[in-house]
Amino acid sequence: MTREQKNILSVRDMDRREIDKLLCSAAKFDRGDFTGHELDKKILAVLFFEPSTRTRMSFSAAMMRLGGKILNLGSVEATSITKGETLSDTIRVISGYADAIVLRHPKEGAARLASEVSSVPVINGGDGAGQHPSQTLLDLYTIRESMRLENIDIGLQGDLRYGRTVHSLAFALSKYNNIRIHTIAPDGLDFPNYLKEDLSETGVEIICHEKLEDILPELDVLYVTRLQRERFPDPVAFASYSANYRLTPELLQIAKPKMIVLHPLPRVGEIDPAVDSLPCAKYFEQAHNGIPIRMAMLNEVMSQ
Ligand code: NCD
């Protein structure tokens, strides 16, 4: 009898109960409430076709903390992909070597395609400008450490056109009550229309602002992102958008005392390092929360 394969491809596929279950499970791992043998003898294949520091390393560390082992694709140049092998064939083969696959790929929809040909669960580690579910879960987890996930004003600042973390997060937030999403994007880099339409169908409120100062005093959470240079069609288009925003301690003086600042990282100038020592700066804690969240995800798809 075949058991249904548990992929984690997009928060759009998940209901609020499934998300909350993973957040609770992460809290358990965070408290140290685990044996370290949960995934003994299991192998996670780590296939990253785009650069990554946090996602790749924290999935690997999370797997090791649960007793499992890692099979790394390594550099794409050293694989048969350079000989012209398709992603489907690569996944078909690797799914015979491992118990789950975490995939990062520049093409939107790549993880879903992989899940259709894989014989083991697939976790989306980021697909182009699409989705980034593990990042979103750790974002929610970090917000939940400071406040309840309801009745929140959250500002999303930066490249909302190409940034997958904000796409993913907006859909996840739409599943919670009374959330208002405030977008502050450089001209031309707001949410794509198709996403705005899909989001408005969920009933979540989205309000656009030209300047951060216009909304900063109302926010409970400010989520800053970098311009996604690698997703711009050409360098000239990117140059015309050079980031015109930088969060500084001076600017933060008008924020609520309890507002928190998040950033998926890497940052490339959007947050002045002088902000790091302020109590509102939660982005390094956010990155560390990647471990318990990814332990929960790996345990969810591979245990039993
Ligand atoms: C993000 C990503 O890859 O989408 N990084 C991450 O996983 N923490 C954000 C980014 O690269 O800007």
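Helices, defined as DSSP runs of H or I with at least four residues, and strands, runs of E with at least two, are numbered from the N terminus.

The model is a predicted one, in which local features need pLDDT of at least 70 and side-chain atom pairs count only at pLDDT 80 or more, while totals for chains, interfaces and linings use all residues. Residues are numbered from 1 along each chain as its sequence is written, and side-chain values use heavy atoms, with hydrogens and water left out.

I begin with the overall form. The protein has ten helices and nine strands. Its C-alpha atoms fill a box of roughly 55 × 45 × 40 Å along the principal axes. The radius of gyration, taken over C-alpha atoms, is compared with a globule rule of 2.2 Å times the number of residues to the power 0.38. For 304 residues, a compact globule would be near 19 Å, and the protein agrees, having 19 Å.

Next, the interior. A nonpolar core is a set of buried Ala, Val, Leu, Ile, Met, Phe, Trp, Tyr and Cys residues joined through side-chain atoms within 4.5 Å. The largest such core holds 56 residues, of which Leu23, Leu44, Leu140, Ile154, Leu156 and Leu298 touch the most other members. Helix α10, residues 290-302, gives the most to this core, with seven residues. Apart from it lies another core of 24 residues, including Leu219 and Met259.

Which pairs of side chains meet in salt bridges? A salt bridge is a side-chain nitrogen of Lys or Arg within 4 Å of a carboxyl oxygen of Asp or Glu, and the structure holds 15 of them. One joins aspartate 89 and arginine 92, at 3.3 Å from N to O. These two residues are separated by about one helical turn, because they are three residues apart in helix α3. Aspartate 89 is partly exposed, at 35% relative accessible area, and arginine 92 is also partly exposed, at 48%.

A further salt bridge links arginine 180 with aspartate 153, their closest N and O atoms being 2.9 Å apart. This pair connects distant parts of the chain, since arginine 180 is in strand β6 (residues 179-184) and aspartate 153 is in strand β5, 27 residues apart. Arginine 180 counts as buried, at 17% relative accessibility, as does aspartate 153, at 13%.

I close with the backbone. Most residues other than glycine have a negative phi, and most peptide bonds are trans. Where does the chain depart from the trans form? The peptide bond from leucine 265 to proline 266 is cis, with omega near 5°. Proline 266 is found in the loop between β9 (260-262) and α9 (283-288). Lysine 41, which is not a glycine, has a positive phi of about 70°. Lysine 41 lies in the loop between α1 (16-30) and β1 (43-48), and is exposed, with a relative accessible area of 79%. Asparagine 151 likewise has a positive phi, near 50°. Asparagine 151 sits in the loop between α5 (133-146) and β5 (152-157), where it is partly exposed, with a relative accessible area of 46%.

Key: Buried < 20%, exposed > 50% of the residue type's maximum accessible area, 1.4 Å probe, protein only.
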